[in-house]
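Colleague: Thanks for sitting down with me. Could you take me through this model and tell me what stands behind each term you use?

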Amino acid sequence: MPGTPFSAAVRQEDGGSVIDLVGDIDRNAGDRLTAAYLEAVAGRDQGSPVVLSFRDVDYINSTGIAVIVTLLAKARAEGRSLRAWGLSPHYQEIFQITRLADFMTLYETEPQALAVT
Amino acid sequence: MAVKNLRRLRRGERRQQTDSGFPSTPTDVVEAVPIDDNDPLFTFLLATGGPIEVERINLESPALSEIRAQGVQLIVPLIAQGDLIGTLNLGRRLSDQPYSTDDRKLLAGLAGQVAPAIRVAQLVRQQEAEAKERERIDQELRVASLIQQTLLPKELPRLAGWDIEAYYQSARAVGGDFYDFIPLTDNRIGLVIGDVTDKGVPAALVMATTRTTLRGVAAHTDDPGEVLFRANNSLIPEIPPAMFVTCLYGVLNTETGELVYANAGHNLPYVRTASGVSELRARGMPLGLLPDMNYEVLTARVEHGETMLLTSDGIVEAHSPDGDMFGFARLQKLVGGHEGGPDLISAILDELHRFQGFDREQEDDVTMVTVRRLSSALESATAFGDELGAIASFKLPSASGNERKAMDAVAEVAEGLGFSGERLQRLKTAVSEAAMNAIEHGNKGDPALLVEIDLLANAQKLLVRIRDQGGGKPIGAPVVPDIEAKLAGEQSPRGWGLFLIERMVDAMRTSVDGHHHVIELEMSRGGN
């Protein structure tokens with residue numbers, strides 16, 4: 001079964017920017033994710049968080065983890081908070097194992113992710 | 001028994017003694033005269049019981065004429081247990097006097113002592129000879145059964161999705177039954193069952209030759225008809241004229257269940273299907289009789305849940321105490337009435353023993369092979385008990401994205417085994433990562449190179465073995481990636497694969513040889 005192609009759409013909300021991730025996250029997602037991030041932060045100040053929505057993501061592999069690590073490194077270098085919500089229990093576990101969750105807080109819902117300042 | 005002993009004596013094994021001085025010198029001994037047991041003299045001497053002058057016997061007897069011609073005067077019958085076991089024939093007395101009453105008493109007494117002693121000696125000698133003969137036969141049986149045991153497969157093939165069972169019990173006089181499994185390429189296996197007409201060492205030797213010939217020929221051609229054609233021609237000069245070999249040869253594709261087969265006069269295989277029993281009928285002459293025989297080639301298909309039974313004629317030709325034959329009809333009915341699981345063999349044996357009587361010696365070798373296509377992965381895993389059995393295998397070209405195919409294929413089998421929820425997700429991630437390593441690192445993304453995935457299971461656990469063609473370099477131990485260093489840009493953001501796999505499964509093992517990397521993932525089947 002071929003995977004679902006990756007796409008990322010940016011929404012600007014009151015508490016920050018949301019990137020709706022859809023499809024498989026592997027190495028092919030890198031360029032599109034970086035572009036979405038740049039779009040998300042454009043015009044927002046450094047204190048405005050970026051929330052990744054994983055609600056429509058079914059598959060993340062190790063190359064996808066690497067893509068997220070790269071993005072997280074970029075956000076941290078800029079002093080911007082990167083957050084996540086909508087991960088399935090399995091990928092929540094993987095984010096714990098890889099310690100990604102130590103540097104990118106996981107939330108149950110999108111409002112929760114946006115509520116923290 | 002008595003008659004046999006007597007015959008030995010009559011064949012002249014023992015010499016009759018004459019008294020001294022007869023016929024020309026005192027120490028002369030003449031040839032024993034055999035007395036046939038239908039010679040009237042035989043009955044006469046037995047009836048007389050004591051020493052008797054030859055001249056007083058008036059019989060039409062060939063033996064008597066001969067004895068008379070030798071100049072014998074007195075015959076002393078040697079009788080033990082009511083049987084005439086020999087005679088003491090005496091010529092003229094040295095004094096030329098007739099034998100006195102005392103002489104005859106003495107001789108009668110002597111005969112009474114000697115006869116039982118000779119009888120005992122005869123029995124001892126006979127028993128020794130019989131023991132020697134038994135020893136010879138036993139020795140031959142041991143050799144025959146050794147040849148047979150050596151050549152029958154030691155292990156049954158383990159094929160993903162199949163359960164193969166075999167039974168072989170030799171009769172006391174070891175027959176020439178054999179079966180074999182010949183590994184072929186492309187998920188195929190050659191199935192052989194055969195029977196040499198004859199018993200003992202000669203049959204075992206012909207069986208050995210046939211087996212080797214079939215293996216040799218099967219390696220060179222896929223067509224079972226061609227295999228039997230060539231085997232027949234090479235066996236003709238090797239087989240003694242009075243012997244021949246019946247043999248079924250089939251090539252089973254374990255992926256599709258397709259069986260291409262040809263038959264050299266062997267019993268027809270039965271296939272237990274959902275609707276009944278079908279016979280796999282293909283015509284052909286036994287091997288070793290006539291050169292250049294053609295063998296009909298037919299194709300059948302063994303579906304999921306179906307069982308094929310191959311037998312030797314020791315079953316259908318078994319007799320009941322009343323002399324009835326077990327017969328094909330009874331066997332076919334048994335197969336049809338059975339659900340076809342691995343205990344079909346024991347069901348047939350039970351019926352066979354009931355039929356021929358439990359205490360009776362088996363007449364001929366009994367050989368059975370069952371080939372069952374399992375109906376599901378779950379059944380595959382339980383068919384092996386504690387032993388790990390192959391339940392599925394896949395091969396994928398090393399193209400990017402095929403790790404998803406590997407993951408989904410394994411997941412489907414695992415779900416059949418009862419994996420679900422978190423543990424299924426963990427297995428999927430581990431398989432996907434391992435397959436990706438095999439595609440990208442082991443096989444360097446070369447689509448011509450395959451990633452081979454084998455699933456093995458028993459009641460407790462599932463093993464997934466993923467093998468690539470990139471041997472030589474060892475797989476390093478997984479290192480715990482340092483996320484701080486990665487986030488600080490001091491380390492590549494990659495390098496998560498092996499670490500993730502190890503955390504996802506209950507156990508991970510890697511190995512490498514000159515040609516392959518193998519990574520083995522183990523997941524307990526409990527806790528789902």
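What follows is a talk about the two chains and the terms used for them.

Modeller: Gladly, and a word on conventions comes first. This is a predicted model, where local features need pLDDT of at least 70 and side-chain atom pairs count only at pLDDT 80 or more, while totals for chains, interfaces and linings use all residues. Residues are numbered from 1 along each chain as its sequence is written, and chains are lettered from A and ligands numbered from 1 in the order in which they are written.

Colleague: What makes up the secondary structure of chain A, and how do you decide what an element is?

Modeller: Elements are DSSP runs numbered from the N terminus: helices are H or I with at least four residues, and strands are E with at least two. By that rule chain A has four helices and five strands, running β-β-α-β-α-β-α-β-α from the N terminus on.

Colleague: How do you know which residues of chain A are in contact with chain B, and how many are there?

Modeller: Contact asks that the C-beta atoms of two residues, placed from the backbone, lie within 7 Å. On that test, 21 residues of chain A are in contact with 19 residues of chain B. Helix H2 (62-77) and helix H3 (89-97) of chain A each give two or more residues to that side, and the largest share, nine residues, comes from H2(A).

Colleague: What classes of residue does that side of chain A have?

Modeller: There are twelve nonpolar, seven polar and two charged residues. Here Ala, Val, Leu, Ile, Met, Phe, Trp, Tyr, Cys and Pro count as nonpolar, Asp, Glu, Lys and Arg as charged, and the others, Gly among them, as polar.

Colleague: What is the length of helix H6 of chain B set against?

Modeller: The expected span is 1.5 Å times one less than the number of residues. Helix H6 (residues 224-235) of chain B has twelve residues and reaches 16 Å from its first C-alpha to its last, close to the 16 Å expected.

Colleague: What makes a nonpolar core, and where does B:Leu228 stand in the largest one?

Modeller: A core is a set of buried Ala, Val, Leu, Ile, Met, Phe, Trp, Tyr and Cys residues joined through C-beta atoms within 7 Å. The largest has 139 residues, of which B:Leu228, B:Val410, B:Val431 and B:Ala435 touch the most other members. Leaving aside neighbours within four places in sequence, the contacts of B:Leu228 include B:Cys247, B:Tyr249 and B:Ala262.

Colleague: How do you know that E14 and E15 of chain B pair?

Modeller: Two strands pair if DSSP finds at least two bridges between them. Eight bridges join strand E14 (residues 389-397) to strand E15 (residues 450-457) of chain B, which run antiparallel, so the pair meets that rule. One bridge partner in E15(B) is B:Glu452, for B:Lys395. Six bridges join E15(B) to strand E16 (residues 461-468) of chain B, also antiparallel, and a hairpin of three residues joins E15(B) to E16(B).

Key
Buried ≥ 20, exposed ≤ 12 C-beta atoms within 10 Å, placed from the backbone.
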